[in-house]
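Student: Could you go through this one with me? I'd like to begin with what lines the pocket.

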Amino acid sequence: MKFANFICKSCARGDDDSCLLICDICDNCYHTYCLIPALVEIPRGQWRCPKCVAQLYHTATPSDAYGFEQSGREYTLGEFGEMSDEFKRNYFKKPLSEILPEDVEQEFWRILSLPEASVKVEYGADLQTGDLGSGFPTTRTKNLNENDKKYLNSPWNLNNFACHYKSVLRYINADISGMKIPWAYVGMCFSCFCWHVEDHWSYSINYLH
């Protein structure tokens, strides 16, 4: 293959073709050292440019491939809370105020110990905080109170965490949900977050509200 017609999208040069990568999706080219962060060697297998990686993340939709049935209903946060409370009352057959955390935990482990047990709960995963908001204020948050303003620019605000000057993620130009932009999750009684490995074996930080 001749590289004469392939130009790096970053530096607009076509020289040093031994370091020139071609995206397997869009055919755009980048020198390994022009990427942010730079690559120290040619990656094995398929390679996707930053633009295509960002597009894949933004267009990805949940599927049933992981064994989870997708709900046919959309909820507001309030509606989800009402549904969750109703499930909990009906399951334990007592008012919410009388259901102790110990009762829930004991029943949770009892269910897991019985292979034939079947309890269906719902769980909101990978919710886009850029669209739906989160527990942390941003410059787009309306009616900020004094406490909100205190956390607006805090590095511990998860909206700012990936862009901190000591974070390697700040070198990623694309706004990748789950990496640069936090996701929100909403659970109910008996829902749980599975043990897993994060994308690219990266670290994870979570706040429980």
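Student: By class, what makes up the lining of the second largest pocket?

Tutor: The lining of the second largest pocket has 19 nonpolar, 4 polar and 3 charged residues, where Ala, Val, Leu, Ile, Met, Phe, Trp, Tyr, Cys and Pro count as nonpolar, Asp, Glu, Lys and Arg as charged, and the others, Gly among them, as polar. This is a predicted model, in which local features need pLDDT of at least 70 and side-chain atom pairs count only at pLDDT 80 or more, while totals for chains, interfaces and linings use all residues. Residues are numbered from 1 along each chain as its sequence is written, and side-chain values use heavy atoms, with hydrogens and water left out.

Student: How much space lies in the second largest pocket, and which residues are closest to its centre?

Tutor: The second largest pocket holds about 950 Å³ of space, and of the 26 residues that line it, R48, P50, V53, I172 and H200 are the closest to its centre. A pocket here is an open set of points on a 1 Å grid over the protein atoms alone, where a 1.4 Å probe fits, with protein on both sides within 12 Å along at least five of seven lines, and lining residues have an atom within 4 Å of a point. The volume is the space filled by probe spheres set on the points, which are joined across faces, edges and corners.

Student: And where does the second largest pocket lie relative to the domains?

Tutor: It lies between domain 1 (17-59) and domain 2 (77-201), because both give residues to the lining; the domain bounds come from an automatic or database domain assignment.

Student: Switching to cysteines: how many disulfides does a search of the whole structure find?

Tutor: The search finds 0 disulfides, a disulfide being a pair of cysteine sulfur atoms within 2.5 Å.

Student: Is C49 buried or exposed?

Tutor: C49 is buried, at a relative accessible area of 0%, whereas C11 is partly exposed at 24%; buried means under 20%, exposed over 50% and partly exposed in between, with a 1.4 Å probe and protein chains only.

Student: Last topic, the backbone: which residues does a cis peptide bond join?

Tutor: The cis peptide bond joins I36 and P37, with omega about -5°.
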